[in-house]
Amino acid sequence: MGLLATEDWILRMKVYDVCILGSGLASTMLGSILARQGVRTLLLDRSAHPRFAIGESTIPSTTGFLKILARRYDVPEIETLSSFNRIKRVAPSCGVKRAFTFIYHRRGRPHAPSEAMEYRTFPPPLGPDVHLLRSEVDAYMAGVAVRYGAQLEEGAEVREVELRDVVRVVLADGSARHARFIVDGSGHKSVLARQLDLRDPEPRLQTRSRVIFTHMRGVRPYDHSAGPRSAYRLTHTPFHQSTLHHVFDGGWSWVIPFDNHPDATHRQCSVGLCLDLAKHPANGRDGEEEFWEIIREFPGIARHFEGATATRRWVSTGRLQYTSRSVAGPRWCLLPHAASFVDPLFSSGLSLSTWGINILARELLDATAAGDPGDARLGFYETYLNRSIAHYDQLIAGSYASWADFELWNAWYRMWTIGAFLQVAGELTHLARVVDSGDASAFTMAPYRALQSIDYAPFERLFDASRAELDAVGEGRLSTSEAAARILSHVHAAELAPRSFTDPESRSPITATLGNILRLLAWGRYRSTAELRTLFFSENHRIIPLLARELSHTAWQERRSLRGLFRLARDVVSTRNREFMARDEAS
Ligand SMILES: Cc1cc2nc3c(=O)[nH]c(=O)nc-3n(C[C@H](O)[C@H](O)[C@H](O)COP(=O)(O)OP(=O)(O)OC[C@H]3O[C@@H](n4cnc5c(N)ncnc54)[C@H](O)[C@@H]3O)c2cc1C
């Protein structure tokens, strides 16, 4: 046997501790953590990096978990993904993301600037957030996993998994790999879900939507076609530096620009259109044709896409939702995206992935250290993944329903912002504890177990009461304006967030400069209820020094560039800038 053939034979006979199917962002983050901690890890992917992947918009909860994963498991490269200032050094094609903006549209009518909402992401030093060009970011993270010692095989399509004491993974070429535990990160076409017949024939979800998407060139910044900025009740964050959502009765469209800063190298935007199946049933039509036909019904959206052209093939799906009757068993588990999916609205995908990795990594590391990763206890993961998915489903189905009327959407939208606010306050609390004392015990305790604060009983009560008002509209028992008023009165009575989150006239609850982040922390410490203070704002004395350290670290990284230092200083104190176009487009 020649030397190469011998190496190949050894590789095939080797028994890994953990084999991860897929090398997407979730798989490679988990693979990096496991390999970094000495777990013998194999990643198998049918494709090869760089390759296209969808899932490009982060939310502050994702950003928070990226920081937590990096610190808790000592993989600093994961934190690189958590802010634009960091990621631009390793994945320069990514875009900057400073906010979520939701523009409400009515068929055949011009858009009214008062009907726009904004939710700011983190300012420096924690942010700004990122529009992830996944081909580049996933390739970076795959490289990190390999550097920490994970074995990555590309072009290795997994055909079958035989679950025994030593799991046998059979590839399309007939060869086999062996491991003591299988993590399935192969996404919606999950190998294990197919093989173990895990998919619910009818997803256990109320949301019923489909999507048409592509990447486009020539999408002009919305700043150029929107009304005058003074007409909006928003901060001056450029629209082109946010994940822009055009929402309307029946669906919504996303615009995720990568070409929105002077150093941009990728002159494209991710564009998608999600449609409520009740109002836009699947019809087998060409995706591109249908996209333009629907967009043209809304003058404000049509103007935004004028002159834009697709740079890759259009994808048009049937119903997007799927769920699995089980997500973990003896010697196997599914990563969140392999288990279930609701809808891209509110960018929950990577937030669920990072949340899941945080739980799974600990269990797999402990079980491996004790002798067998197959002994990992994953009941907690399954319970709270399902709970988080069920919540996102209610939130998203409610959003589609609320778009029948702007007032109703304006009220329902608070369910997302308040849940997100408390979630992130909790994550900052955990981050500060992990950094200061390595204490990660609270992740498996109430009220932090599920995403979007749904594990916190007062928020759960608020959500359920508000959801009942929406249901009453659906059943014809309440008008949309009565339901909106009732939801807002529940929101007000719950006292879970500062007034900017609860006032219906407020369209931008966080003007995210560093000063305002400190003001929110001060609200939590001195103005919120005693319970909120204890549960979500008890670590301000650690968070503030952490922010100061992060700020000086970021400034140190920018020390060689006067322009970089200027931008950092500006973004700490202001939401305004005029740098939302790639350099040669601006000139
Ligand atoms: C339309 C749409 C828009 C979305 N937008 C967002 C968003 O804005 N923000 C967000 O956070 N999330 C979003 N998501 C969710 C996001 O895409 C996922 O959460 C994320 O990509 C999960 O990463 P992953 O690594 O688990 O899986 P993936 O990135 O899907 O990677 C799966 C990998 O498995 C490999 N694979 C598949 N089958 C096999 C096989 N048989 N053998 C070997 N390898 C295999 C594939 O080649 C691929 O590399 C969106 C999802 C959709 C559908």
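Two residues are in contact if their C-beta atoms, placed from the backbone, lie within 7 Å. By that test, Ile182 touches Cys19, Leu21, Val161, Val167, Val169, Leu192, Arg331 and Trp332, leaving aside residues up to four places away in sequence. The model is predicted.

**Nonpolar core**
- The largest nonpolar core holds 174 residues.
- Ile182 is among those with the most contacts inside this core, along with Val18, Cys19, Leu30, Leu69 and Leu364.
- Helix H14 (residues 406-437) gives the most to the core, with 18 residues.
- In soluble globular proteins, nonpolar side chains tend to be buried together.

**Strand S4**
- Strand S4 spans residues 99-104, and six of its six residues are buried.
- In a regular strand, side chains alternate between the two faces of the sheet.
- Both faces of S4 are covered. Ala99, Thr101 and Ile103 lie on one side, with Phe100, Phe102 and Tyr104 on the other.
- S4 runs antiparallel to strand S5 (residues 116-120), and five bridges join them. Phe100 stands opposite Tyr119 in S5.
- S4 also pairs with strand S12 (residues 242-248), in the parallel sense, over six bridges. Here Ala99 stands opposite Ser242.

**Helix H12**
- H12 covers residues 348-369, which makes 22 residues.
- At 1.5 Å a residue, H12 should span 32 Å. Its end C-alpha atoms are 32 Å apart, so expectation and model agree.
- H12 is largely enclosed by the rest of the structure, because 17 of its 22 residues are buried.

**Ligand shell**
- The ligand is surrounded by 33 residues. The closest are Gly22, Gly24, Gly55, Gly187 and Gly349.
- The shell divides into 13 nonpolar, 15 polar and five charged residues.
- H12 supplies at least two residues of the shell, as do helix H2 (25-36), strand S2 (41-45) and strand S11 (209-217).

**Leu335**
- Leu335 sits in the loop between strand S18 (332-334) and helix H11 (336-339).
- Leu335 has 27 other C-beta atoms within 10 Å; the cut-off for buried is 20 or more, so Leu335 is buried.
- Leu335 and Asp184 are 151 residues apart along the chain, yet their C-alpha atoms are separated by 5.9 Å.
- Asp184 is one of the residues that Leu335 touches, not counting residues up to four places away in sequence.

Conventions
Residues numbered from 1 in each chain as written. Predicted model: local features only at pLDDT ≥ 70, side-chain atom pairs only at ≥ 80, totals over all residues. Core = buried A, V, L, I, M, F, W, Y, C linked by C-beta atoms within 7 Å. Buried ≥ 20, exposed ≤ 12 C-beta atoms within 10 Å, placed from the backbone. Helix = DSSP H or I, 4+ residues; strand = E, 2+ residues; numbered from the N terminus. Pairing = 2+ DSSP bridges. Expected span 1.5 Å × (residues − 1). Near = placed C-beta within 6 Å. Nonpolar A, V, L, I, M, F, W, Y, C, P; charged D, E, K, R; others polar.
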